[in-house]
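Welcome! Please take a moment to look over the sequence and the 3D view before reading on.

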Amino acid sequence: MIKKLFIVMVVALLPLAASAQFEQDKFYVGTSLTGLDLNYSGQNKLNIGLQAQGGIFAADNLLLYVQGGWNHQGKTMKDDQVEVGAGGRYYILQNGIFLGVNCKYVHGAGGYNDVMPGVEVGYAFFLSRTVTIEPAIYYQQSFKDHSDFSKVGLRVGFGFYI
């Protein structure tokens, strides 16, 4: 009986632990590891990359962040790209569902340059009080060439709420 009551109390308090992480002035650090940032575009077919984000909650449930990353596209190192950008997330529910918008500048070897605004929807699944796994579906619109460089993808990252 006591064990069941304890389990019910823990399950009931989980949303409170998650909501405390989305409060104003909390910090966020996130990363998508190589091999987990998978997407498809008409030009490159498959992409593998590394991305890092860091930000602060400007208000409850509103995260503002900067990001940087590296992508290996194609078969040779001349197809690699670096990216920098900024964005924001709004955590809709206290359980971790979020909507995001961002914009990044992408520079690739061989003279490729692009500005790519994007949107995402994802979920911050708490493994502990401060560590999350964050799957997200995203779309990045290319200003250079919509059909070849715009991206739809699935990203699985890790977040740290401090």
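This report walks through the cavities, the aromatic pairs and the charges over rings in a predicted model.

## Cavities inside

S1 provides the largest share, four residues. Sorted by class, the lining of the largest cavity counts six polar, four charged and three nonpolar residues.

## Aromatic pairs

Next come the rings, with 12 aromatic pairs in the count. Phe-22 and Phe-57 make a tilted pair, 6.1 Å from centre to centre with 40° between the planes. Phe-22 belongs to the loop between helix H1 (2–20) and S1, and Phe-57 to strand S3, so this pair ties together parts that are 35 residues apart in sequence. Phe-22 is buried, at 1% relative accessibility, and Phe-57 is buried with a relative accessible area of 1%.

Another tilted pair joins Phe-126 and Tyr-161, at 5.6 Å centre to centre and 40° between the planes. Tyr-161 counts as buried, at 1% relative accessibility. Ring pairs also link Phe-22, Tyr-28, Phe-57, Tyr-91, Phe-98, Phe-126 and Tyr-161 into a cluster.

## Charges over rings

Arg-89 lies over the face of Phe-98, 4.0 Å from the ring centre. Arg-155 has its charged end over the ring of Tyr-138, at 4.3 Å from the centre of that ring.

Notes
Residues numbered from 1 in each chain as written. Predicted model: local features only at pLDDT ≥ 70, side-chain atom pairs only at ≥ 80, totals over all residues. Heavy atoms only, no water. Helix = DSSP H or I, 4+ residues; strand = E, 2+ residues; numbered from the N terminus. Nonpolar A, V, L, I, M, F, W, Y, C, P; charged D, E, K, R; others polar. Phe/Tyr/Trp six-rings, centres within 6.5 Å; stacked < 30°, edge-to-face > 60°. Buried < 20%, exposed > 50% of the residue type's maximum accessible area, 1.4 Å probe, protein only. Lys NZ or Arg CZ within 6 Å of the ring centre and 35° of its normal.
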